[in-house]
Amino acid sequence: MKKLLLIGICLLLGLWLSSCKSEKPASPEQNAPAAGGGPSVVFSSEIEEADVWILPETKENLKTTVWGTPSLKKIGTGEKRRFFLTAPGESGLYIVRAIDKNGMYYAANSLVLEEECCLLLKKGSEPMSAVIEVTAKDGKTVKTYPVFAARL
C-alpha cells in the first residue's frame, strides 16, 4: 500500500511540475553573466519556432553568414527566455539573425539593447515582413526596428 501511495504522489508531483509554464530554463552558460559583461535581456517571439543569434554589431558579424551556436536554440512561438549578451562591439550596437523551422530568415541591425530590456520578434503588417519591438524593464516601448525577412 505504501508503494502505491508513493507512486501516486510521484505521478501527481510530476503532473504538477510539467504544468508549470514559465520562462524556459536557460542553459548554464546563459545563466552566468557573459565574459564581456553584456546586458541581461529577455527575448520572445511571435514567429514560428526558430534559432536566434544576437551578436555584437561588428564588421565581421555583418559580413558573415556563419554565426556559430545560436544565442537561443529552438525558441518557440510565445516562449520567453532570459539570457546574457556578450559585450557589444565598438559601436555599442547588436544584430539579430533568426531562421525559423519553415526556412524563413530574419535580420535586423543596429539594435540598442539596455540591461533588462525585452525583445519581441513579430510579424509585420506586410506579407513576409517582421519587426523587433524593444521595451524597457518598465514595459514601455523604446523602439521598433524593421527586420528583413526572406524565405531561404
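I began with R81, which counts as buried because its relative accessibility is 5%, under the 20% limit. I note here that the model is predicted.

Next I looked up where R81 sits. R81 belongs to strand β4, residues 80-84.

Then I followed the side chain of R81. What does it reach at 3.1 Å? I found the backbone oxygen of K74 there. I also checked K73. Its backbone oxygen lies 2.8 Å from a polar atom of the R81 side chain.

I turned to K74 itself. K74 is part of strand β3, which spans residues 72-75.

I then read the backbone angle of K74. Its phi is near 50 degrees, a positive value, and K74 is not a glycine. I wrote down the background: most residues other than glycine have a negative phi.

Which loop holds E116? I looked it up for its own backbone angle. E116 has a positive phi of about 70 degrees and is not a glycine. I placed E116 in the loop between β6 (104-111) and β7 (118-123).

Conventions. Residues numbered from 1 in each chain as written. Predicted model: local features only at pLDDT ≥ 70, side-chain atom pairs only at ≥ 80, totals over all residues. Heavy atoms only, no water. Helix = DSSP H or I, 4+ residues; strand = E, 2+ residues; numbered from the N terminus. Buried < 20%, exposed > 50% of the residue type's maximum accessible area, 1.4 Å probe, protein only. Polar contact = N/O pair within 3.5 Å; in protein donor to acceptor, adjacent residues only side chain to side chain.
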